[in-house]
Amino acid sequence: SNVFSMFEQSQIQEFKEAFGCIDQDRDGVIKKQDLKETYAQLGKLNVKDEELEEMLNEGKGPINFTVFLTLFGEKLNGTDPEDTILAAFKLFDPNGTGFVNKDEFRRLLMNQADKFTAEEVYQAFALAPIDPAGNIDYKSLCYTITHGDEKEES
């Protein structure tokens, strides 16, 4: 889909201004030196090259305005790439079965890091394909998270 349709015109203008502030040499592409100079203007002088390269690599190529907007669209819509979500689930599936136990996962969601409420767990599980044994098919769930639910389309 067209990345420009994800935002209001006013938002696109704000992103254009931000892009212009970061694109220090005004060549239409954000490069490592642009990032370095932007950080310097913000008072952060000791940014590691690896950190800057990691940021640039998110664009999977030269970061022009369209790529810049796409990266923000992904961040603002809160959806990580499917492989990132799968990798997170695999931490809870050491045997590589493709499933995590619903009750164990609920316990982790409600007791670790950004603790989920019972309602948030309920909402998350409403999308989840759960088999009769109480296991979540997380590969199917990841697909639904990143591609949408076919049932919503009709």
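Colleague: First up, is Asp49 buried, partly exposed or exposed?

Modeller: Keep in mind that this is a predicted model. Asp49 comes out partly exposed, with a relative accessible area of 30%.

Colleague: And which side chain does Asp49 meet in a salt bridge?

Modeller: That would be Lys32, at 3.7 Å from N to O. The two sit in distant parts of the chain, 17 residues apart: Lys32 belongs to helix H2 (residues 32–41) and Asp49 to helix H3 (residues 49–57).

Colleague: OK, switching to helix H6. Where do Glu104 and Arg107 lie in it, relative to each other?

Modeller: They are 3 residues apart in helix H6 (residues 102–111), about one turn of the helix. Glu104 and Arg107 form a salt bridge, with the closest N and O atoms 2.9 Å apart. Glu104 is partly exposed at 36% relative accessibility, and Arg107 is partly exposed too, at 41%.

Colleague: What about Lys31, which Asp does its side chain meet at 3.2 Å?

Modeller: Asp25, in another salt bridge. Asp25 is partly exposed, with a relative accessible area of 44%, while Lys31 has 33% and is also partly exposed.

Colleague: Which residues are linked with those two in a network of salt bridges?

Modeller: Asp27 and Asp34 join Asp25 and Lys31 there.

Colleague: Last one: how many salt bridges does a search of the whole structure find?

Modeller: It finds 9.

Key
Residues numbered from 1 in each chain as written. Predicted model: local features only at pLDDT ≥ 70, side-chain atom pairs only at ≥ 80, totals over all residues. Heavy atoms only, no water. Salt bridge = Lys/Arg side-chain N within 4 Å of Asp/Glu carboxyl O. Buried < 20%, exposed > 50% of the residue type's maximum accessible area, 1.4 Å probe, protein only. Helix = DSSP H or I, 4+ residues; strand = E, 2+ residues; numbered from the N terminus.
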